[in-house]
Amino acid sequence: MLDAVRLWTPFHIATSRRRLLVLKLDHLGDFIIAVPAMRALRDHFPGDEITLVCGSWNKSLAESTGLFDTIVGYDFFPPNGSQRIGVTQPHSEFLTGTRGEYDIAVDLRVDGDTRFLLSHVNAKVRCGIGAEYEFPYLDIALPKPSRGRLLDAAKAQHAFSAGDFISNVLVSHPLHWETDFSRTDCCVIFGPYATLPIGAYQATFHFGASGLGLASSLCRIELDVANRTLPIATLRLGRRHLRTGSAILTFTNPDEHGAIEFRVSTHGRPAAGAFRFFGVTVESASSDLDIRSRQWSRLLHRGECVSLLVSLLAERTRPSGTRRTLTKRRTADDVLCEEVRAIVETPGAIFIAPISRSPIKDWPLPNYAALIRLILNQNNRVVLLGTDD
């Protein structure tokens, strides 16, 4: 009960002019998507001091918006968004750039990989997207929306890759999670908290075993499906499953609004080997499943998630109503800033970022070329986002 009161009671910040720290460490595409949310943040906190921490590649654009009092450059990710591993700034530089006390600290990134930085900030209120069990140090947390478009209308199936799941194992790869059983007697892989229409389903877990030998009956691997954390199907893996690399669980979803969770748990420790998890494929076992009206009904865009987070923060902290006009800073890169801002604010422009940080998300470039031709044939402007490479 005390936790519920703490979560739903608005925070009262006593200082007349509050200090806000905003983290937005993404690359250019996600930064542009979040600009409306940043403007809303300034509107909600017009008389307060806002410090932005962003990647050095976005610093000039951030300055040109005139929304922030102070901008700190910190490269949490490599400069090239297509690189998953590269030179990033040490954590100590983040601590130096964010030294001091803040009334509010908020991370505007949807993915949770930068969220831990908030735990190192001296702030009265910390705010971000994610579940309470993932980030217990958040005072205000917007639950990460579940995926709304789950089933293909023709095949009535959906595949969740390893990247859709959360894990507390130490070894990760773009295509799988891997555990050497250094952590055991716990749930090691879980997610993706998606919604499904009411009906019968079969879930196929895909995995691989390398030199894995189950030493005794006390050493086991279990799979289960849960709705709102309540198990609705459970299976213990046997040697046959390990040889084939897959296991099927059949289940019935009783609640279309409940978050479906697929879990892998380990108990005991095998004599040797490792276990890799690649993902889950879900297929409908209901012949009369009506999914047409649900295709996009609960799907939220990343920009909408960030805007909802800003609205929740404003609602919980009850900001003051005074308005203050900021003076735009002039920098050596003003010409570039104005050029970039003009492109960003081009009416009717369609922005395309053809290269991502994860190869599994990249579409073949010829497909992008064909798509761009179709867009240009309809007299629309196309803006390509990316690095010089």
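**Exercise 1. Where does Thr114 lie, and between which strands?**

Before we start, a quick note on the model: it is predicted, so local features need pLDDT of at least 70, side-chain atom pairs count only at pLDDT 80 or more, and totals for chains, interfaces and linings use all residues. Residues are numbered from 1 along each chain as its sequence is written, and side-chain values use heavy atoms, with hydrogens and water left out.

*Solution.* 
Step 1: Find the strands; helices (H or I, at least four residues) and strands (E, at least two) are DSSP runs numbered from the N terminus. Thr114 sits in the loop that links strand 4 (101-107) and strand 5 (122-129).
Step 2: Check exposure, where buried means under 20% relative accessible area, exposed over 50%, and partly exposed in between (1.4 Å probe, protein chains only). With a relative accessible area of 0%, Thr114 is buried.
Step 3: Look for contacts, meaning heavy atoms within 4.5 Å. Leaving aside neighbours within four places in sequence, Thr114 is in contact with Leu25, Phe76, Phe77, Asp107 and Arg109.

**Exercise 2. Work out which residues of helix 3 are buried, and how they are arranged.**

*Solution.* 
Step 1: Helix 3 covers residues 35-44, and its buried residues are Val35, Ala37, Met38, Leu41 and Arg42.
Step 2: Look down the helix axis: these residues fall within an arc of 160° (taken from the directions from the axis to the C-beta atoms), so they line one face of the helix.
Step 3: Among the elements covering them are strand 1 (19-24), helix 2 (28-33), strand 2 (49-54) and helix 7 (302-317).

**Exercise 3. Describe the open sheet and follow one of its pairings.**

*Solution.* 
Step 1: Two strands pair if DSSP finds at least two bridges between them.
Step 2: Strand 8 (166-167) and strand 14 (230-236) are the edges, as each pairs on one side only.
Step 3: Strand 11 (residues 186-194) and strand 16 (residues 260-267) run antiparallel and are joined by seven bridges. For Cys186, the bridge partner in strand 16 is Thr266.
Step 4: Pro192 also lies in strand 11, and is buried with a relative accessible area of 7%.
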